[in-house]
Amino acid sequence: QIMATGICRSDDHVITGALVMPFPIILGHEAAGVVESVGQGVTSIKPGDKVIPLFVPQCGECDSCLSTKGNLCSKNDIGTGAGLMPDGTTRFTCKGKAIHHFIGTSTFTEYTVVHESAVAKIDAAAPLEKVCLIGCGFSTGYGAAVQTAKVEPGSTCAVFGLGGVGLSVVMGCKAAGASRIIAVDINSDKFAKAKELGATDCVNPKDFKEPIHQVLIKMTGRGVDYSFEVIGRTETMTAALACCQNNYGVSVIVGVPPAAQNITFDPMLLFTGRTWKGSVFGGWKSKDSVPKLVADYLKKKFVLDPLITHTLPFTEINEGFDLLRTGK
C-alpha cells in the first residue's frame with residue numbers, strides 16, 4: 001500500500017514523450033508504503049513492513065550487482081522500457097485491459113506490486129511522507145555528488161538545475177566538503193533555497209550575454225572540479241562538460257536525457273583529460289543503501305524538509321504536476 005509518493009520530473013518526461021514508455025501506464029517511482037501481502041518464496045519482506053520501492057532493483061546476481069563499481073542491476077526496466085514485471089507480465093488491469101508498470105514501481109496508485117529485488121525494508125520509525133524522497137530525488141542527487149563524482153574537500157562544484165534533485169546535489173557537495181558550490185538555474189526563485197542548503201554562488205544564465213560555461217570558467221579562473229547536469233537537456237550537458245577543469249574535471253549527467261536527441265561536442269573537451277559520466281540513482285546499490293540512508297535521515301545526518309514544497313491529497317495529483325511544470 002502506497003502511503004506517500006513524490007512527483008519527479010521523470011514521470012512528466014513520460015507524459016511529454018521525452019522518456020519513451022508503453023501506454024497505458026501507471027507512473028510514479030518515488031514512494032514509501034507498507035507491505036500488505038507477499039507472494040510465494042518472498043523471504044526478505046513481510047506484511048506490515050515499512051518499505052521503499054526501488055526503480056533500480058538489486059538482484060544480487062548480475063554483473064553490475066556483483067561489481068563494486070556499478071549499481072545498475074540488469075533487471076532494471078529503465079533502458080528497455082517494457083513496462084512489465086520481471087516475468088514479463090503485468091499486475092494491473094482496468095476494465096479487463098492490461099496496464100503497464102513504470103520502471104518496476106508504479107507508485108501513483110493506492111496499491112502496487114513490486115518484485116522482491118525492487119523493494120527495501122526500512123526502519124519502522126521512519127516518517128513515510130518524508131523518506132519517500134529517498135526513493136528517488138534525494139538519493140539520486142546526493143549520491144551523484146558523494147558516490148559517483150566523489151567530490152573532495154576544498155573542491156569547486158557547479159550544479160545545473162535546482163529542482164529537488166539539483167538541491168540534493170548541492171547538499172551532497174556540501175557534505176563532501178566542497179569549498180565553492182555554484183548553483184545554476186534560469187529561475188532565480190530557486191536561489192534562496194539553494195543558498196540555504198549550501199550553495200555559495202547562484203548564477204542565472206539569462207543575466208549574461210556569453211555562454212554559461214565561459215561565465216563559470218571566469219568565476220573560478222580554471223573551471224570547476226566537478227559539474228552536474230540535473231535537468232535533462234543536451235545543451236546544458238555540454239555546457240556542464242565545458243565548464244569543468246580541462247584536465248581533471250569531472251562532469252556527471254544526472255538528468256534523464258531526452259529521447260531521440262544526440263549530442264554534438266568538440267572531442268578536444270575529453271582529449272585533454274576531462275571525465276564525463278552518468279549516474280543512475282546516485283550510484284547507490286539500492287536494496288543495500290536505501291535502509292542505511294533512511295537510518296542516516298533518522299540520525300539527522302541530512303535534511304529532507306526543504307525539498308518538500310507542497311503536500312497534496314492524492315486526488316490533486318494533476319495540480320501537483322502543474323506546480324512542477326511552473327517551477328513551483
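Over residues 164-292 the chain is 36% helix and 16% strand, with the end C-alpha atoms 20 Å apart; helices (H or I, at least four residues) and strands (E, at least two) are DSSP runs numbered from the N terminus. This range carries the UniProt annotation "domain: Alcohol dehydrogenase-like C-terminal", from an unreviewed entry. UniProt positions are given in the numbering used here, feature names are shortened, and annotations may be inferred rather than shown by experiment. The model is predicted: local features need pLDDT of at least 70, side-chain atom pairs count only at pLDDT 80 or more, and totals for chains, interfaces and linings use all residues. Residues are numbered from 1 along each chain as its sequence is written, and side-chain values use heavy atoms, with hydrogens and water left out.

For residues 2-123, UniProt lists "domain: Alcohol dehydrogenase-like N-terminal", again from an unreviewed entry.

The domain assignment of the protein chain gives domain 1 (2-137 + 283-326) and domain 2 (149-278), the bounds coming from an automatic or database domain assignment. A distance of 27 Å separates the C-alpha centres of domain 1 and domain 2. Contact (heavy atoms within 4.5 Å) involves 12 residues of domain 1 and 13 residues of domain 2. About 890 Å² is buried between the two domains, and carbon and sulfur atoms give 65% of this area. Buried area is the accessible area (1.4 Å probe) that two parts lose on being put together, summed over both.

Helix 1 (residues 9-16) packs against helix 11 (residues 317-325) at an angle of about 95 degrees, the axes being 11 Å apart. Axes are lines fitted to C-alpha atoms, for helices over the stretch in contact, and angles run from 0 to 180 degrees between N-to-C directions. The two helices are therefore roughly perpendicular (65 to 115 degrees; under 35 counts as roughly parallel, over 145 as roughly antiparallel and the rest as oblique). In this contact, Arg9, Asp11, Asp12 and Ile15 of helix 1 meet Phe321, Leu324 and Arg325 of helix 11. Three of the contact residues are nonpolar, none polar and four charged, where Ala, Val, Leu, Ile, Met, Phe, Trp, Tyr, Cys and Pro count as nonpolar, Asp, Glu, Lys and Arg as charged, and the others, Gly among them, as polar.
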